[in-house]
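User: Please examine the strand pairing in the structure shown below.

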Amino acid sequence: GTNTTPFTSHSELGYLVEPVSASWLVLATYGRPAPSIQLVKTAFDTDLTGAVRVTTGGSFRLATVDLYSSVTSIPYTLTGTLAGNPVFTATGTVPNTFGNFATVTNPFPAALIDTLIISVTNPATASCPTCAGNPVGIDNIVLWP
């Protein structure tokens with residue numbers, strides 16, 4: 001079943017994944033480095049964007065991340081920093097995946113970073129301020145040294 005406990009952090013294989021905004025819930029399902037991290041909008045929540053921070057305690061490179069949406073396409077931003085300095089920002093939109101994951105490839109795979117912010121926006125909720133729905137999520141964050 002679904003675990004609806006607010007997501008505070010998850011670590012696996014040396015990754016630490018922490019929410020930095022919005023109302024995140026973690027699903028007790030498969031995933032690497034975390035169970036699927038789901039952004040669920042609550043009624044009257046006007047924050048349509050949620051983000052997680054990924055760190056390893058050292059430097060790393062981002063290869064890919066899987067994102068999903070169940071209703072609409074979802075805009076995303078991948079931001080990498082090293083020692084607090086910007087290294088890259090990659091933006092795009094994942095089409096409606098009908099609840100499945102789509103793999104997003106980092107256009108800067110050789111860029112060395114120590115902090116990654118993965119941000120997703122839930123555009124379907126703007127048309128329905130009193131309802132939740134259109135969960136969006138993150139899974140399978142692939143890093144390399």
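Predicted model: local features only at pLDDT ≥ 70, side-chain atom pairs only at ≥ 80, totals over all residues.

Analyst: Residues are numbered from 1 along each chain as its sequence is written, and side-chain values use heavy atoms, with hydrogens and water left out.

User: In what order do the 6 strands of the open sheet lie?

Analyst: Strands here are DSSP runs of E with at least two residues, numbered from the N terminus, and two of them pair if DSSP finds at least two bridges between them. The pairing in this open sheet is antiparallel, and the order is 1-2-5-10-7-8.

User: Why is one side of strand 1 and of strand 8 left without a neighbour in the sheet?

Analyst: Strand 1 (10-12) and strand 8 (85-94) stand at the edges of the sheet. One side of each is left without a neighbour because each has a single partner strand.

User: Which residue of strand 5 is the bridge partner of Val17?

Analyst: Strand 2 (residues 15-21) pairs with strand 5 (residues 49-55) in the antiparallel sense over 5 bridges. Within strand 5, the bridge partner of Val17 is Val54.

User: Which residue of strand 11 stands opposite Arg61?

Analyst: Strand 6 and strand 11 (residues 136-144) run antiparallel and are joined by 7 bridges. The residue of strand 11 opposite Arg61 is Trp144.

User: Which residue of strand 9 is the bridge partner of Asp66?

Analyst: Strand 6 is also joined to strand 9 (residues 101-105), by 5 bridges, and these two run antiparallel. In strand 9, Asp66 has as its bridge partner Thr103.

User: How many residues of strand 6 are buried?

Analyst: Buried means under 20% relative accessible area, with exposed over 50% and partly exposed in between (1.4 Å probe, protein chains only). Strand 6 (residues 61-69) is largely enclosed by the rest of the structure, because the buried residues number 9 of the 9.

Technical notes
Helix = DSSP H or I, 4+ residues; strand = E, 2+ residues; numbered from the N terminus.
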